[in-house]
Amino acid sequence: MATVYSPKINTDGLYGYYDATNPKSWSGSGSWKDLSGNGNDLANNGTTSTGTFGGAIAMNFNSSGKYFESASNTSGTSPTDNATLEAWIYPAASELTSGDRGCIIRVHGGSGQYLSWNKSNRKISGYWYGHANGGTSPGYHETGAAMAREQWHHCVEVWNYSEQKLYQYINGVKTQANTYGTGDANSRIEVGMESSGRQFAGGIAVIKIHNTALTDVQVLQAYKALKGRFQ
């Protein structure tokens, strides 16, 4: 049976979609199921389970070694020229591990997009690994404002190839940075941890990955669609 989406959920180029409160996505154990229809389910590492954060249910990253990762190469059209990564996050009061960042979403495999949490300045931190233009990396981009701990935030990064820009949004507020190049096809999706030093601490409730560059209107639509759950 095909997935039935709320009309408020934007599905333009949807590549992976995960929701901790949807029983079709999370049954209480096992893998975190992909609602996009592409079958990009995420294997559960560290027996990650849900918890309640600020009145909302989310995956609970409360100890080192808890994360989700696609067990095999993902299907569908992997983001290369354009991409959008979206997450609802609740940063914990303190970190679980040392290190510079906590992984929210990493799409990787020789090249990929990275949406992370900077542990020191509390900003979303964006990266584009291994460009096809020779591998030259523009480094991390952190153009948005610092986020409060123990509060819900809607975080979005949009890689727009035609405009050569990386756009970052926090709760619908947009900032931008220059970027460049295309990425090679990616193979895996990680949520919650890249390595022991890059363990995210707190709750992640919803993840969406698109192989398109969503517009300002579409990002605002995505924020408004679910913000009532997190207020």
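Analyst: Two strands count as paired if DSSP finds at least two bridges between them. Keep in mind that this is a predicted model. By that rule β2 (residues 42-45) and β5 pair in the antiparallel sense, over 4 bridges.

User: Which residue is the bridge partner of Ala43 in β5?

Analyst: That's Glu69. Glu69 also has a bridge partner in β13, namely Glu190. β5 and β13 (residues 188-191) run antiparallel and are joined by 2 bridges.

User: And the side chains of β5, buried or exposed?

Analyst: Tyr67, Phe68, Glu69 and Ser70 are all buried. Tyr67 and Glu69 point one way from the strand, while Phe68 and Ser70 point the other way.

User: What's the strand order in the sheet?

Analyst: It's an open sheet of 6 strands, in the order β2-β5-β13-β7-β8-β9, with antiparallel pairing. β2 and β9 are at the edges and have a single partner strand each, so one side of each has no neighbour in the sheet. On average, neighbouring strands here are turned by 20 degrees against each other, ignoring direction.

User: How many bridges between β8 and β9?

Analyst: 6, and the pairing is antiparallel, with β8 covering residues 112-118. Tyr114 stands opposite Tyr127 of β9.

User: Switching to helix α1. Which of its residues are buried?

Analyst: Gln218, Val219, Ala222, Tyr223, Ala225 and Leu226, in a helix that spans residues 216-226. They take up an arc of only 160 degrees around the axis, so they sit on the same side of α1.

User: Last topic: what's the phi of Glu150?

Analyst: Near 55 degrees, which is a positive value in a residue other than glycine. Glu150 is in the loop between β9 (124-129) and β10 (153-160), and is partly exposed at 47% relative accessible area.

User: And what about Asn171?

Analyst: Asn171 isn't a glycine either, and has a positive phi of about 50 degrees. Asn171 lies in the loop between β11 (165-170) and β12 (173-178). With 26% relative accessibility, Asn171 counts as partly exposed.

Note on methods
Residues are numbered from 1 along each chain as its sequence is written. This is a predicted model: local features need pLDDT of at least 70, side-chain atom pairs count only at pLDDT 80 or more; totals for chains, interfaces and linings use all residues. Side-chain values use heavy atoms; hydrogens and water are left out. Buried means under 20% relative accessible area, exposed over 50%, partly exposed in between (1.4 Å probe, protein chains only). The arc is that of the directions from the helix axis to the C-beta atoms. Axes are lines fitted to C-alpha atoms, for helices over the stretch in contact, and angles run from 0 to 180 degrees between N-to-C directions.
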